[in-house]
Amino acid sequence: MTNTALPGTARAVLFHELGGPDVLHIEDVPLLAPGPTELLIRVEALGLNRAEALFRAGGYYYQPTLPGSRLGYEASGVVEAVGADVTAFTSGDLVMTGPGIEMGAQGVYGDRIVLPESAVLPRPDGVDAVTGAAAWLTYTTAYGGLIETAGMRPGDHVLITGASSGVGTAAIQVARRIGAVPIATTRTEAKRKALLALGAEHVVVTDGGGDVATEVRRVTDGPGADVLFDAIGGPELPQHAAALREHGTIVIYGSLNGAIAFPMNWPQTIHTYANMALTDTPDGRRRSTAFLNAGLRDGGFRPPVAEVFDGLDRIQDAHRLMESNTHTGKIVVTV
């Protein structure tokens, strides 16, 4: 089906070749009317994710369609129009985006976007646009990985690697919400204070030769952590696995340090986790959305925002900050 063009144009961030932040350009594109099961959304803010830097550079698990690829999973905004068969939303609704988006064709970096109803979820009243843009991917990943996959329980000690990332900071809050004990790792001492303020019970700094396993066993009085929630992979994974108790659970949701070296710390249970396995299904979207929005409504979930860039014209600067790895939490661009 081809969407009907509306009068005027929309602004979108496109890229025509693989590369660094400088390949991102803002262009005018046709403004399209939503199809029968689609929504037209006026975007207020965008939340950046590591996946988008990988996609832009050709390192993601699927490739962009060049030239003219779009980019981005997370946006918050206001519904401007709905297709004839849309039942869950109406014009004027506050919304967030994320589930099931194929970035090359449906990426949300723009001022007006058209998405299928299945890629949109309600933004609770009182949740501002910046918070809405920073919440979906991080909290649903933490929920799906820790609760649905690992079966995290109250009282469990949870080792969270790369804890200053968006998902890492969300994982700290998700663990706290159900009564688990988050132990965070970070490379530099500079991020310790921020992670403690977010709710980490303990912080292990790895630069300078910090021994994660020794420190985790010290703070757990011997047995080690119950769950490892790992974004790093690479040769460090066996070292992080050594911080777990016998019969502990490992959930790997990223491989920031390259190819994963699987640990031989038997007996442990190892899961790999990809968020679309949960959020691309109707039941998974229902459960993860209910969990996310409950936390947003009562204030238990407040994503830390490292910096807010004003306007699509700052998209290259926002991506440069993301690649610097100097920030804690999410990077947001207002539109």
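Q: What should I know about the model before I start?
A: It's predicted, so local features need pLDDT of at least 70 and side-chain atom pairs count only at pLDDT 80 or more, while totals for chains, interfaces and linings use all residues. Residues are numbered from 1 along each chain as its sequence is written, and side-chain values use heavy atoms, with hydrogens and water left out.

Q: How many helices and strands are in the protein?
A: Helices (H or I, at least four residues) and strands (E, at least two) are DSSP runs, numbered from the N terminus. Here you get eleven helices and 15 strands. The radius of gyration is 20 Å, close to the 20 Å that the globule rule gives for 335 residues, so the protein is as compact as a globular protein of that length. That radius is taken over C-alpha atoms, and the rule is 2.2 Å times the number of residues to the power 0.38.

Q: What is the strand order in the open sheet of six strands?
A: Strands of a sheet pair through backbone hydrogen bonds, either parallel or antiparallel. Two strands count as paired if DSSP finds at least two bridges between them. In this open sheet the order is 10-9-8-11-12-13, with parallel pairing. Strand 10 (202–205) and strand 13 (269–272) are at the edges with a single partner strand each, so one side of each has no neighbour in the sheet.

Q: Which bridges join strand 12 to its partners?
A: Five bridges link strand 11 to strand 12, with Asp-230 partnered by Ile-252 in strand 12. Another four join strand 12 (residues 244–252) to strand 13. Over there, Val-251 has His-271 as its bridge partner, and Thr-249 stands opposite Thr-269.

Q: Which residues lie nearest the centre of the second largest pocket?
A: On a 1 Å grid over the protein atoms alone, a pocket is an open set of points where a 1.4 Å probe fits, with protein on both sides within 12 Å along at least five of seven lines; lining residues have an atom within 4 Å of a point. Pro-30, Leu-32, Arg-70, Ala-105 and Val-114 lie nearest the centre, out of 20 lining residues.

Q: Which element gives the most to that lining?
A: Strand 6 does, with five residues. Elements supplying at least two residues each include strand 1 (5–14), strand 2 (25–32) and helix 2 (103–106).
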